[in-house]
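Please find below my notes for a colleague who is meeting this model for the first time. They are set out as numbered points, to be read beside the structure.

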Amino acid sequence: MRSTSRLFAVFKSERFLTPGNPTGLTGLLTHPAPRSQLIYLYSSTLDKLSKLPEHSVYRQSAEAITKQRLNIINGFKPPGYEEWAQRAKQKINEHPNVFGKDREPSTVFMSAQLTEERDQRDVQWDNRKQPAGLEGTRTAEERTQQSAVVTKAAFTPEADIVQWENEPPLEASQIAEIEDKIGAGLIEEIIQVAEGENQLVDTILESRSWEDLEEKPPQGQWDYFARDQHTPGTQEPPKAKS
């Protein structure tokens, strides 16, 4: 399936995938920077997992698979990566107040600033202008002051604005090899799974599900769901006919 679905996203040279092209899966487009996206997601997930107790079974299993996949991703470098890393390292050293000291380019994750201010309501309503207004009863002076606060740019950086060069893209053959090694579908599907895992850790941290229940369950409450309670055991496979 992969070979046919990826035909939509490959250049004529068949060396690189075209970002934004269909992958062959409905609603899933070719990701522009899958390597850096996965490194960010896996690194963020591991940082969050470190806040869980070491005895947590979820932490142990999630860390194992996340580290395995992160090692696979780090094992692939796109063409021109070393040259880009040198330029990025120089940029990091020139702006220590933005990136901090002794940072590696692969561990720097940028937050982009839009050059054009956009009202999120316009994006939500298909760029149809919505009437500006504030809820509640207020005087004209109060509305003027609050309108200024509402329309103020959301991004107000305290540090310098750095023009960051994007990491070079992976070749199509490299992406195919990553997909084969991970074995979880297209790399865009792998990104979706990583995003879901990253959000799941937040939920578990918030709920503190590793702690004991405040009210202990009655004895025998879960016995009904234990293995082999209603069947004698695992069914034996049928014998092959001679």
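1. The structure holds two aromatic pairs, where rings of Phe, Tyr and Trp (its six-membered ring) pair if their centres lie within 6.5 Å, and planes under 30 degrees apart count as stacked, over 60 as edge-to-face and the rest as tilted. The rings of Tyr81 and Trp84 have centres 5.5 Å apart and planes at 40°, so this pair is tilted.

2. This is a predicted model, in which local features need pLDDT of at least 70 and side-chain atom pairs count only at pLDDT 80 or more, while totals for chains, interfaces and linings use all residues. Residues are numbered from 1 along each chain as its sequence is written, and side-chain values use heavy atoms, with hydrogens and water left out.

3. Tyr81 and Trp84 are three residues apart in helix H4 (residues 81-94), and are therefore separated by about one helical turn; helices here are DSSP runs of H or I with at least four residues, numbered from the N terminus. Tyr81 counts as buried at 9% relative accessibility, and Trp84 is buried at 2%, where buried means under 20% relative accessible area (1.4 Å probe, protein chains only).

4. Trp84 also forms an edge-to-face pair with Trp164, at 6.3 Å centre to centre and 90° between the planes. This pair links distant parts of the chain, 80 residues apart, since Trp164 lies in the loop between helix H7 (140-151) and helix H8 (172-182).

5. Tyr81, Trp84 and Trp164 form one aromatic cluster.

Methods:
Helix = DSSP H or I, 4+ residues; strand = E, 2+ residues; numbered from the N terminus. Buried < 20%, exposed > 50% of the residue type's maximum accessible area, 1.4 Å probe, protein only.
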